[in-house]
Amino acid sequence: MHLPAYAHAAIRAALPSVPTARHVDAVDCCLCDRPFADRAAVPLGSTPESGLFGCRDCLTRLVTRARRKRSGALVADAAQSLEDSTVWEAIRRGHLAQLDGVRAGAEAVAELVEDDGAERDDGAEAIDAVRVAWLLLSLESAHAWLPETPEPPSSLAQEDSELRDARFRLNLAMISAREAVASRLAYHIVNEAAPLERELCGELECPEGCAGRHDSSGIDCGPDAIFDDLAALGVTIAPPEETPAPHPHGPRKATESAMEGRFASYEEGSLALLAHFGLDMDDEDALLDAAAVGLVFDAWRDGPLDEIHASPDGPGDGEVFAQSVDLYRRARVALAAVRDDAPAAPGAEPDIPDALAAFVSVASDMPLPWAGGSGFRLASVSGAAAEFLPEFVRQVDDRVRFTSEVMREQGWRTALLHRAMTAAVRCPEHFGMPAWPGVVATAMPRLAALDRSDAPEALHDLNTVEAALLEAPDSLGAAALGWLADSAVLLGGPAVDGKARS
């Protein structure tokens, strides 16, 4: 049974101060003291086997009361909320403008200093090294002067995804600029210190008047030179026992694999965090799985869908579960399909790649029936919840568009790592994640212990149910998944922190 977050306080207040043994053993409802008999006992503790248990009638009554109280509070605070929203929007837009300004500066610095030729595309001479250094210093100053990310008022949402995404893009742009400047200045110092080699002018067909300076670029020192150089300075680090395999495309030059190298530090940090959650991102299939889960959660499941889900004519837990699985598969196919897409032409207006645009179209389609044989359609939502539909559609488009921009600007792998981190931190036990088989293994004994005489036919054969949960939960149907949710089989049901488990 779905227990929305706004009802948690009302339910806690109704719990008995001194529960009886029958309450703890799931014999009597802790809210009305009536025996459960053939009624489902909904667990209210941290696990299905611990804590107290309530009946659906009592919980439905408390949720309804909490919803009415919340609606009344919203009406009473409407004027204050509007005032807070107006003030916050001005603060938010101002901070976004500051972030975007510094990000644009960082991108410009990276683009300018990456040109190490004699002339730029516009015919002007290349920027000298001293000016490059000052560009970085002024950029770092602008970055340091940025204020801390403002917090929205308590009457508004506690997380602003646009501010978070803007800060993320700024960090990537700063990494790009710092690495570009570091590379440019390193080669400048090395070339300035190199002796003149006039004897090579004829071989290199230098123009008349060449002083004998021949700048180097793309130097490849091999895998072990760093250890020898550090040892000469008194720092001893044992090199790896095995020599790494050669790069498949030959020596790595500054112009090759630039996107991957530029954001190596971000990737290393991501890999460390993902490894902490048991995700091996060297496995491309695992990376796609986690990124697809994260994209569906961030773009579709998180936010406005909570209000739609909690409305009287909103989708049930089983319908949300089935649809999220279907969208996960679509997201995975879309992310794999755009891996080798060519970037937008210079000066062209970037757009979402066709494969990701198709995912957006399905995820936000109003008249489309949801997966799992559900009859629910977004177009059928009415009343107060219908006001959240435009925000829902806009969020799906905005967050997929953000992923496509990161992919285009920073590379396919970086964009997938970003979404995989969302999955690891916010939904590590969803279908598609490495922990999901363990969730199913824990759920099956609970399901076997339940009376399934009134369950949908799809749940009668336990072997079939287990195979379907592991491979394609939506194949059981939305009704069967809803029954599992109401029976609190999947770790207390698919509701976790007020959200249906996908």
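This is a predicted model: local features need pLDDT of at least 70, side-chain atom pairs count only at pLDDT 80 or more; totals for chains, interfaces and linings use all residues.
**Notebook: loop, patch, rings and a helix**

Started with D33, which sits in the loop between α2 and β1. With a relative accessible area of 48%, D33 counts as partly exposed.

Next I checked A26. A26 also has a place in the loop between α2 (21–24) and β1 (42–43). Its phi is near 60°, again positive and again not a glycine. Relative accessibility of A26 is 27%, so I've put it down as partly exposed.

Then I went to the surface. Which residues make up the nonpolar patch there? I got V130, W134 and L137, with about 360 Å² of accessible area together. W134 has a relative accessible area of 58%, and the cut-off for exposed is over 50%, so W134 is exposed.

Where do W300 and W370 lie? W300 is in helix α11 (residues 284–301), while W370 is in the loop between α14 (354–363) and α15 (389–410). The pair therefore ties together parts that are 70 residues apart in sequence. Buried or exposed, these two? Both W300 and W370 are buried.

I also looked at F431 and W436. Their ring centres are 6.0 Å apart and the planes stand at 90°, so I logged this pair as edge-to-face. Both F431 and W436 are buried. They belong to one aromatic cluster, together with F321 and Y328.

Last stop was helix α16, residues 412–426. I wanted to see whether its length made sense. At 1.5 Å a residue, its 15 residues should span 21 Å, and the end C-alpha atoms are 22 Å apart, which agrees. How many of the 15 residues of α16 are buried? I have 11, so α16 is largely enclosed by the rest of the structure. Among the buried ones are W412, L416, L417, H418 and R419. The alanines A415, A420, A423 and A424 are on that list too, along with T414 and T422.

Definitions and conventions:
Residues are numbered from 1 along each chain as its sequence is written. Side-chain values use heavy atoms; hydrogens and water are left out. Helices (H or I, at least four residues) and strands (E, at least two) are DSSP runs, numbered from the N terminus. The expected span of a helix is 1.5 Å times one less than its number of residues. Buried means under 20% relative accessible area, exposed over 50%, partly exposed in between (1.4 Å probe, protein chains only). Patches are made of residues with over 30% relative accessible area and no salt bridge: like charges are joined within 9 Å, nonpolar side chains (Val, Leu, Ile, Met, Phe, Trp, Tyr) within 5 Å. Accessible areas come from the Shrake-Rupley method with a 1.4 Å probe; for residues, only the protein chains shown count as cover. A salt bridge is a side-chain nitrogen of Lys or Arg within 4 Å of a carboxyl oxygen of Asp or Glu. Rings of Phe, Tyr and Trp (its six-membered ring) pair if their centres lie within 6.5 Å; planes under 30 degrees apart count as stacked, over 60 as edge-to-face and the rest as tilted.
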